[in-house]
Amino acid sequence: MRGALKTPALLRRAALAEPREAAVDGGQAWIFSAPRLGRKDNQDAGLVWERDGELVLAVADGMGGARAGARAAVLAVEALRDALEEDHKPLRERILDAFEEANSRVRRMRTGAGATFLVASVVQR
């Protein structure tokens, strides 16, 4: 197994093929994804992001039946990473903005591509 990731860590496709640890404040987060049985191509992208007690974990699953699903997954996770860097907004608002931006970026591809997108936030109080 490779060494611990530094956050923010954006991983895609083959980089998700083995469990990866990200050292986070107060513990650790793990990220891993594998294609379903019978498929060789992993169209997923993931993100572990942490700053000032805010931890965000995300995975985008490119739609395997659609063209450019892997690219759609990366665009979604990149949109989240970009939105999270806007410190002047509350975390919830940045996450919601990321969903809107991810949708816009994927639609601009004009390929019919898509991805499911899951985001979880952990805020230490």
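How many aromatic pairs does the count come to by the rule that ring centres of Phe, Tyr and Trp (its six-membered ring) lie within 6.5 Å? The count comes to one aromatic pair. The model is predicted, so local features need pLDDT of at least 70 and side-chain atom pairs pLDDT 80 or more, while totals for chains, interfaces and linings use all residues. Residues are numbered from 1 along each chain as its sequence is written, and side-chain values use heavy atoms, without hydrogens and water.

The pair consists of F99 and F117, with 4.9 Å centre to centre and 50° between the planes; it is tilted, as planes under 30 degrees apart count as stacked and over 60 as edge-to-face. F99 lies in helix α2 and F117 in strand β6 (residues 115–123), so the pair ties together parts 18 residues apart in sequence. F117 is buried at 17% relative accessibility (buried means under 20%, exposed over 50%, partly exposed in between, with a 1.4 Å probe and protein chains only). F99, at 34%, is partly exposed.

Strand β6 belongs to an open sheet of four strands, ordered β1-β4-β5-β6 with antiparallel pairing (strands pair if DSSP finds at least two bridges between them). β1 (9–12) and β6 are the edge strands. Nine bridges join β5 (residues 54–62) to β6, and E54 has V123 in β6 as its bridge partner. Helix α2 packs on this sheet, touching β4, β5 and β6 (contact means heavy atoms within 4.5 Å).

Conventions: Helices (H or I, at least four residues) and strands (E, at least two) are DSSP runs, numbered from the N terminus. Axes are lines fitted to C-alpha atoms, for helices over the stretch in contact, and angles run from 0 to 180 degrees between N-to-C directions.
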